[in-house]
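Here is a friendly tour of one structure, taken site by site. Have the model open as you read.

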Amino acid sequence: MPESLQPMERCLALARSALMLSNPNPRVGCVITTADGQILGQGHTQQAGGPHAEIMALRDATAAGHDVRGATAYVTLEPCAHHGRTGPCCDALIAAGIGRVVASLEDPNPLVGGKGFARLRAAGVNVEIGPGAEESRALNIGFFSRMVRGTPWVRLKVAASLDGTTALHNGASQWITSSIARADGHAWRARACAVLTGSGTVLADNPRLDVRELSTPRQPQAVVVDSRLQTPPESRLFATARGVLIYSSLSEDPAFLQRKAALEACGASVVALPGPGGQVDLAKMLRHLGEHGINELHVEAGQRLNGALLRAGLVDELLLYLAPLLLGTGRGMTDLGPLEMLAQGQPLEFGAVERLGADLRILARPPGRADF
């Protein structure tokens, strides 16, 4: 077992503490130790604009009266080397006299991308890369997606009966899964930068798309795909103090423009991204979200929008909650058909499968989806 594994495990635990906090910045943990493993300081990335993990660890060491000269800094991502809302962390480590840096991964941000490591080495700091890489990348899959592909990591959440029914024909769906599963679903909402739904779900369910089942330091952005601007201004989406982003098609029809003005008066931002057939161009929508700092996009929509995203190859991961219940015909998970051949189906690879109370939670991805 590498000697660096134990402090890196502590770093990863600290990074997980930033799961619902640091967006759109990556979730990073840092631990500073002596040669024999004594912890001198530790910390994780704070809210955007606040200190990064390395700065928090240095401050923690200073507050405890520890001298970090010659110490080792373990960190789950390359120390930044650029001036953003904060100064370069690599410079802070050099100035503090850190003698060695052990990092999980190179930062995919092109503004960093190896520059932090290069600056550390140029200052005589010993740099090691690799411990904890797989878990650090998984923890920051949305950040990597945005930096490498320019689009968020799209996670599609569905709650259904064991035979795949998400609602009865009359729309009744509350509640198919248990309170435990619903709370877990809110935890996935809380880690996302934005929660997306379609106008059909807004009209049928009047959702809030916020996090209510647990405490969170920030609420995700609400996003609606609404080509004809059918979202009512009195929708509960506008009940919380956060932005609502609505993607529409384009029309000069006076009634359309009137609805647009009414939604903007409620605080919504309406972005026209017309696609084929008068629908929203979903691929352009993801690029637009990536340009505006969305790392993870959590989708809670109906079968029509779910199907459109899957058919376009835009879904990276499915988050499925299955209840031990058979409901027969009703509304399904996705509108993918009718298909003529089995080979036309969407292949998936199962990831984690866990029991949550009486329900099952399944994570599944299209093959090779995280290969970027």
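## Charges over a ring

The charged end of Arg-137 sits over the ring of Phe-372, 4.8 Å from its centre. Arg-149 also places its charged end over the ring of Phe-372, here at 4.6 Å from the centre. A charge sits over a ring if NZ of Lys or CZ of Arg is within 6 Å of the ring centre and within 35 degrees of the ring normal.

This is a predicted model, in which local features need pLDDT of at least 70 and side-chain atom pairs count only at pLDDT 80 or more, while totals for chains, interfaces and linings use all residues. Residues are numbered from 1 along each chain as its sequence is written, and side-chain values use heavy atoms, with hydrogens and water left out.

## The aromatic pair

How many aromatic pairs does a search of the whole structure find? The search finds one. Trp-153 and Phe-372 form this pair, which is tilted, with 6.3 Å centre to centre and 45 degrees between the planes. Rings of Phe, Tyr and Trp (its six-membered ring) pair if their centres lie within 6.5 Å; planes under 30 degrees apart count as stacked, over 60 as edge-to-face and the rest as tilted.

The pair links distant parts of the chain, 219 residues apart: Trp-153 is in strand β6 (residues 153-161), and Phe-372 is in the segment after β14 (359-365). Helices (H or I, at least four residues) and strands (E, at least two) are DSSP runs, numbered from the N terminus. Trp-153 is buried, at a relative accessible area of 0%, whereas Phe-372 is partly exposed at 24%. Buried means under 20% relative accessible area, exposed over 50%, and partly exposed in between (1.4 Å probe, protein chains only).

## Around Arg-182

Arg-182 belongs to helix α7 (residues 179-191) and is partly exposed, with a relative accessible area of 23%. Leaving aside residues up to four places away in sequence, Arg-182 touches Trp-175, Thr-177 and Glu-213; contact means heavy atoms within 4.5 Å.

Where does Tyr-321 lie relative to Arg-182? The two are 139 residues apart in sequence and 8.9 Å apart in space, C-alpha to C-alpha.
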